[in-house]
Amino acid sequence: MRKFAKSVAAIAAISALALTGCGREEAAPAEGGDAAASGFEAGSAIGVALPQKTSENWVLAETLFNDGLTEAGYEPNVQFANGGVSEQQNQVSSMITNGVKVLVIGAIDSAQLGTQLAQAKEAGIPVIAYDRLLTNTENVDYYVAYDNFQVGELQGQALLDGMKAAKPEGPYNIELFAGSPDDANAKVFFDGAMSVLQPEIDNGNLIVTSGQETFEQAVTQGWKAENAQRRMDTLLSGSYGSTELHGVLSPNDTLARAILTSVEGAGKPLPVVTGQDSEVESVKLIMEGKQYSTINKDTRALVEHVIEMVGNLQAGEEPEINDPDSYDNGVKTVPAYLLEPQIVTKDNAAEAYANDPTLSALTK
Ligand code: BGC
């Protein structure tokens, strides 16, 4: 199913980027959803609960949801929860009390909104998990995201490719970083990357010098740069006295920059470092040859699909999904719409960002 889902997602992503809105004919209808049963009035309030501003994509999503929902005739109620989980719980509760007709949620902690989601169900409000899956609840109707496992696979492969380009023969000394354990995406990114890296660790081509190979050892609480930088400092002083570091798996750009700062601070040569999100500062570092790769997950296409789904729900129609069975949240399999992520290195940056004025300016 993954392959089918990916090919449909690719078509959808391309069409969304081209803003044609077509090419999605192959997508399967959602199975057994009752969220769309009744529809609601045009002009209704739509709640969008965003997490903390841990990366640029979330900040961009705020603007895109506000503008896109307004343009489509809704009344957006978009909120960040920089104060943490309890703030997000309160925001979601208030959105429900204030009568939003759809809830779009990018959770801080994927497993901590159970009570509020039960409240939403009770009120007949459909729930779309945005970018991050909502776990351990049956009260989530749809999931819209870039294919997280594929993001990890692309990162793992980029790490191998980058190190090979820098030094044609192994073995290579590496370190592994993962995202925040309360974000359901973090483990999926890591598992995707390890599906590529583990065989190379097993055959001796890759050496995790610190020995810290598990997700639990690699996590970065809260996706915070300072936590990654501190861990990298410790790894360097503990394991890289005279040993060369060739590569670091970083799950996103914010952490990649923290890792590079740590290595620079230790006065060591920069290793190959992966990333994700195509953040402005990281795209600059990629063009300077300091960060090796990032991932292009165009937030515009993601938000656009969610707004399309809101339109379907308003009309009482089932929204389009293209992956009915990959995302098990511990209680149910959540019907998903997955878009295809793209790896970006210095080699393809100009092409990858051709339709993004801000990023393409950096590649000239
Ligand atoms: C997103 C990533 C982002 C991370 C930190 C994840 O859930 O999928 O794109 O880098 O959160 O904000």
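1. A polar side-chain atom of D131 lies 2.7 Å from an oxygen atom of the ligand. R132 likewise places a polar side-chain atom 2.7 Å from a ligand oxygen, and for N185 the corresponding distance to an oxygen of the ligand is 3.1 Å. Taken alone, the ligand exposes 310 Å², and the protein buries 100% of that; such areas come from the Shrake-Rupley method with a 1.4 Å probe, only the protein chains shown counting as cover for residues.

2. The structure is a predicted model, in which local features need pLDDT of at least 70 and side-chain atom pairs count only at pLDDT 80 or more, whereas totals for chains, interfaces and linings use all residues. Residues are numbered from 1 along each chain as its sequence is written, and side-chain values use heavy atoms, with hydrogens and water left out.

3. The ligand sits in the largest cavity. A cavity here is a set of points, on a 1 Å grid over the protein atoms alone, where a 1.4 Å probe fits but cannot get out; a molecule sits in it if more than half of its atoms lie within 2 Å of its grid points. Of the 14 residues around the ligand (a heavy atom within 4 Å), S55, D131, R132, D183 and D277 come nearest.

4. N185 belongs to helix α6, residues 184-202. Helices (H or I, at least four residues) and strands (E, at least two) are DSSP runs, numbered from the N terminus. With a relative accessible area of 2%, N185 is buried; the term means under 20% relative accessible area, with exposed over 50% and partly exposed in between (1.4 Å probe, protein chains only). Apart from neighbours within four places in sequence, N185 is in contact with D131, R132, L133, Y143 and N148, contact meaning heavy atoms within 4.5 Å. With Y143 there is also a side-chain to side-chain polar contact of 3.3 Å. A polar contact is a pair of N or O atoms within 3.5 Å; within protein, one must be able to donate a hydrogen and the other to accept it, and residues adjacent in sequence count only if both atoms are side-chain atoms.

5. N329 is found in the loop between α11 (299-314) and β11 (336-339), and this residue is buried, its relative accessible area being 2%. Polar atoms of the N329 side chain lie 2.7 Å from the backbone oxygen of T137 and 2.9 Å from the backbone nitrogen of V331. N329 and L134 are 195 residues apart in sequence, yet 6.8 Å apart in space, C-alpha to C-alpha. Neighbours within four places aside, N329 is in contact with L133, L134, T135, N136, T137, V140 and V334.

6. V104 has its place in strand β3, residues 102-105, and counts as buried at 1% relative accessibility. Beyond four places in sequence, the contacts of V104 are I46, G47, V48, A49, F65, I128, Y130 and V306. V104 and V78 are 26 residues apart in sequence and 9.2 Å apart in space, C-alpha to C-alpha.

7. Finally, the chain as a whole. The protein chain has 13 helices and 12 strands, and buried residues make up 53% of its 364 residues. Among contacts between residues at least 6 apart in sequence, 72% join residues at least 24 apart. The protein chain exposes about 14500 Å², of which carbon and sulfur atoms supply 49%.

Note on methods: On a 1 Å grid over the protein atoms alone, a cavity is a set of points where a 1.4 Å probe fits but cannot get out, and a pocket is an open set with protein on both sides within 12 Å along at least five of seven lines; lining residues have an atom within 4 Å of a point.
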